[in-house]
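User: I would like to learn how to read the nonpolar parts of a protein model. Could you take me through an example step by step?

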Amino acid sequence: MGANSKPAKPTRNKRATISPLREIVGDEVYDVWVKMLSNLVPDGRTHRLSVVVASMLTYASDIASAKRGTDKEDHPAYPLLVALEGLEEDEALQLLTPMLIRLFKDAGVKYERVSSKGERYSILWEATIEFCRWYNYQWE
């Protein structure tokens, strides 16, 4: 390296900087979701918010399943589609957590909560349960 040359800036993997959900549903939809969560989460009830977030995941999985190549592990939709294949809920949570944390981070809201009894719980966990059971109807 010469005296006047600067070290090359490290390049970031574009996929690592873009939300997987944004990649799946597009900017317009994702931006609406972020606005919704930033408005609803602070005063919202977890049992209601979890259904909203699960519906977002279901919508994203429907879009992704219509596209080719989503069965590859590096595809942003892979965790969604695998979670719907009948994984245990805790395994599905492990797969979905990174994309859900990113969604809540982009919305600027917290997903962890504490009950009036001091017990910790998570909107992510409740949303994962709703998502995994989305197509399970007790009456069928």
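User: How many residues does the largest nonpolar core have, and which of them have the most contacts inside it?

Analyst: In soluble globular proteins, nonpolar side chains tend to be buried together. In this model, which is predicted, the largest nonpolar core has 33 residues, and L21 and L80 are those with the most contacts inside it. At least two residues of this core come from each of α2 (20-25), α3, α4 (46-65), α5 (78-83), α6 (89-107) and α7 (123-132), and α6 gives the most, with eight residues.

User: Which residues does L80 touch, leaving aside those up to four places away in sequence?

Analyst: With that exclusion, L80 touches L21, I24, L57, A60, S61, L96, M99 and F131. For the protein, residues 24 or more positions apart account for 62% of the contacts with a separation of 6 or more.

User: Which residues form a nonpolar patch on the surface?

Analyst: V32, M36 and L40 form such a patch, with about 220 Å² of accessible area together. V32 lies in helix α3 (residues 27-40), and V32 counts as partly exposed because its relative accessible area is 43%, between the cut-offs of 20% for buried and 50% for exposed.

Terms used:
Residues are numbered from 1 along each chain as its sequence is written. This is a predicted model: local features need pLDDT of at least 70, side-chain atom pairs count only at pLDDT 80 or more; totals for chains, interfaces and linings use all residues. Side-chain values use heavy atoms; hydrogens and water are left out. Patches are made of residues with over 30% relative accessible area and no salt bridge: like charges are joined within 9 Å, nonpolar side chains (Val, Leu, Ile, Met, Phe, Trp, Tyr) within 5 Å. Accessible areas come from the Shrake-Rupley method with a 1.4 Å probe; for residues, only the protein chains shown count as cover. A salt bridge is a side-chain nitrogen of Lys or Arg within 4 Å of a carboxyl oxygen of Asp or Glu. Helices (H or I, at least four residues) and strands (E, at least two) are DSSP runs, numbered from the N terminus. Buried means under 20% relative accessible area, exposed over 50%, partly exposed in between (1.4 Å probe, protein chains only). Contact means heavy atoms within 4.5 Å. A nonpolar core is a set of buried Ala, Val, Leu, Ile, Met, Phe, Trp, Tyr and Cys residues joined through side-chain atoms within 4.5 Å.
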